[in-house]
Amino acid sequence: MDSISAIILAAGEGTRMKSSLPKVLHKVCGKEMIGHVVDAVRETGVTQTIVVIGYKGEMVKEVLGKEVETAYQEKQLGTGHAVKVALPALSESCDTVIVLYGDTPLVRPSTIKALIAYHNKGGYGATVLTVKVSNPQGYGRIIRDAGGHITGIVEERDATPEQKGIEEINSGIYCFDRRCLVEGIQSLRNDNAQGEYYLTDIVEFFKNRGIIIGGFTGQDPEEIKGVNDKYQLAEAQRALNHRNLVKLMDEGVIIEDPGTTYIDKDVAIAADTRIMPGTYIEGNTTIGSDNVIGPGTRITNCSIGNGNEIQFSVLRDSDVGNGCRIGPYAHIRPNSRIDNDVRIGNFVEVKNSHMGNGSKASHLSYVGDGDVGMGVNIGCGVVFVNYDGRQKHRTTIEDGAFIGCNVNLVAPVTVRRGAYVAAGSTITKDITEYSLGIERGKQAEIKDWVIRKGFRKD
Ligand code: UD1
Ligand code: CA
């Protein structure tokens, strides 16, 4: 294959977004729009990717990988001007250039590849990826001659009423012969409704020079949808989410209600895991097989094994092994490691802790900064008192220990193997193996107190 460079335009502010964030940094399914476009381009095997940055360019640069080059457009004078700014960065060896806009996050690598193939096959000076839509509003309209070659692209603002009726639109994705592009860019002028240098006017120049412009019509209008405002952002989110869900279902994941399930692109889930309604799975999460996740669960950056049941719970930056039951209403906070066959029940919060195989915290507990061994029972209402107001300390509970209800474990403290802690105790000293730790006032009884007080009603 020839050496291909990609130029991605991302310098605009995106005024229609009404946001302090540059447009291309708005996230769609957990990833910035520009990240989706860069990923798509890289998957087509281009040899160089140049992103044109401008408005809050440093912020945009920060989210781009190291393999991506940037060119800086100081003033946003139009898409044609933005491409011009990138031209000096093109590598010597490149003879084909693809241009994309950073606000079309749904584009598929397969479509870009098909565009390049069509361009090469036809030997065109430039090829435009077009698509037919029933509502072309806001897009540049494609003008073709009798032979089907493209002779113009007219922006909405500059279009006649008749041209506005054209349903074939410009996707903003193009493939150029490098020499044609360099020459054509120099020719652009800004005498239009916006006073901008439109990249689309390059078509006019090519036409006058007798350079033939190919028009490759994509099959799926959805994938070239540009995001210009928050409504279109929501539409892109819904479309990409749906695409992620379909891919997972193809791979054997059961998704009960795609309408209320939200899964990021980089999430991996093995076959026969069931995702129940109202569930969000985000970031770099991997989930094994035969789990039941949800309903009403949010999992972010976690690694989950096989055969777990997790419902109505929130889990973040943590690992879960196999065969665990978590929730309803459990909160697993960052840096926790839950091994196998662990039970974490309702209203239990676990933070920065390890729970060994077969341990249980079934009700209403806080396990913070704890190292809990295997087969430990943590009773209802146990609190790991990890914070002295200045520093966090760890609590260690060894294998087989039994912590009664409503116990405070004041860290740093260790409960040794097989020890018991009596309900209601506040434990401040270590407890030795197989001993009972008890810290409680002795129970007293005042005889006939109710009668003497006159409180008895019968
Ligand atoms: C553009 C096309 C239109 C097409 C549509 C597809 C032009 C003139 N129009 O319109 O034909 O149907 O996209 O979505 O090209 N940008 C810069 N620097 C600038 C101006 C823009 O980097 O000076 C970037 C923006 O950040 C954005 C992209 O170029 O990512 C497109 O700009 P935008 O203003 O959204 O163009 P549209 O009006 O949508
Ligand atoms: Ca746009």
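Reader: Which residues are closest to ligand 1, and how many surround it?
Author: Q73, G78, Y101, E155 and N170 are the closest of the 23 residues that surround ligand 1. A residue counts here if one of its heavy atoms lies within 4 Å of the molecule. The model is predicted: local features need pLDDT of at least 70, side-chain atom pairs count only at pLDDT 80 or more, and totals for chains, interfaces and linings use all residues; side-chain values use heavy atoms, with hydrogens and water left out. Residues are numbered from 1 along each chain as its sequence is written, while chains are lettered from A and ligands numbered from 1 in the order in which they are written.

Reader: What is the shell made of, by class?
Author: It has eight nonpolar, eleven polar and four charged residues. Ala, Val, Leu, Ile, Met, Phe, Trp, Tyr, Cys and Pro count as nonpolar; Asp, Glu, Lys and Arg as charged; the others, Gly among them, as polar.

Reader: Why is the T79 pair called a polar contact?
Author: The term asks for a pair of N or O atoms within 3.5 Å. An N or O atom in the T79 side chain is 2.8 Å from an oxygen atom of ligand 1. So the T79 pair qualifies. The D103 side chain gives 3.1 Å to a ligand 1 oxygen. For G140 a backbone N or O atom is used, at 2.9 Å.

Reader: How much of ligand 1 does the protein bury?
Author: 91% of the 770 Å² that ligand 1 exposes when taken alone. These areas come from the Shrake-Rupley method with a 1.4 Å probe.

Reader: Which elements give two or more residues to the shell around ligand 1?
Author: β1 (4–10), α3 (79–86) and β10 (168–177). Helices (H or I, at least four residues) and strands (E, at least two) are DSSP runs, numbered from the N terminus.

Reader: What makes K56 stand out?
Author: K56 has a positive phi of about 45 degrees, and it is not a glycine. Most residues other than glycine have a negative phi, and most peptide bonds are trans. K56 is in the loop between β4 (48–53) and α2 (57–63).

Reader: How do you know that the G327 to P328 bond is cis?
Author: Its omega is near 0 degrees. P328 lies in the loop between β24 (325–326) and β25 (331–332). The bond from A411 to P412 is also cis, with omega near 0 degrees.

Notes:
Polar contact = N/O pair within 3.5 Å; in protein donor to acceptor, adjacent residues only side chain to side chain.
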